[in-house]
Amino acid sequence: MIESICPNCGLKKVFDDDKVGKKFKCPTCGTIVLIEKIDVQSSMEKEIKLEVDTSSYKSDEKKFHLRNNIILGVIILILSICKQ
Ligand SMILES: [Zn+2]
């Protein structure tokens, strides 16, 4: 299956593989769009990269929370020493 995106309004349309190289008229804005196989591959790569980005962000968030807990522990330790 080939996924083609209208460059004018961003509408996604799915076609069979044998429609590659042919054109379709966008039902929303009327733009003539060429059905290309390359577009599908690049859009899939973008989605994979996006998944990697969000997972690395989550691990960074965990590290941040861990650091906060360590700082809090040090503060409690200092306070308990001062009381003595
Ligand atoms: Zn369109």
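**View 1. Ile-35 in the loop between strand S4 and helix H1.** Ile-35 lies in the loop that joins strand S4 (32–34) to helix H1 (37–83). Helices (H or I, at least four residues) and strands (E, at least two) are DSSP runs, numbered from the N terminus. The model is predicted: local features need pLDDT of at least 70, side-chain atom pairs count only at pLDDT 80 or more, and totals for chains, interfaces and linings use all residues. Residues are numbered from 1 along each chain as its sequence is written.

**View 2. Surroundings of Ile-35.** Ile-35 counts as buried because it has 20 C-beta neighbours inside 10 Å. The classes are buried (20 or more other C-beta atoms within 10 Å of the residue's own), exposed (12 or fewer) and partly exposed (in between), with C-beta atoms placed from the backbone. Leaving aside residues up to four places away in sequence, Ile-35 touches Ile-2, Ser-4, Phe-15, Lys-19, Val-20, Gly-21, Lys-22, Lys-23 and Phe-24; contact requires C-beta atoms, placed from the backbone, within 7 Å. The C-alpha atoms of Ile-35 and Glu-3 are separated by 7.9 Å, at 32 residues apart along the chain.

View 3. Strand S1 (residues 2–5) pairs with strand S2 (residues 12–15) in the antiparallel sense over four bridges; pairing requires at least two DSSP bridges between the strands. Ile-5 stands opposite Lys-12 in S2. Six residues lie between the strands, and Gly-10 takes a positive phi near 80°.

**View 4. The protein chain.** One helix and four strands are present, in the sequence pattern β-β-β-β-α. Of the 84 residues, 2% count as buried.

Key: Contact = placed C-beta atoms within 7 Å.
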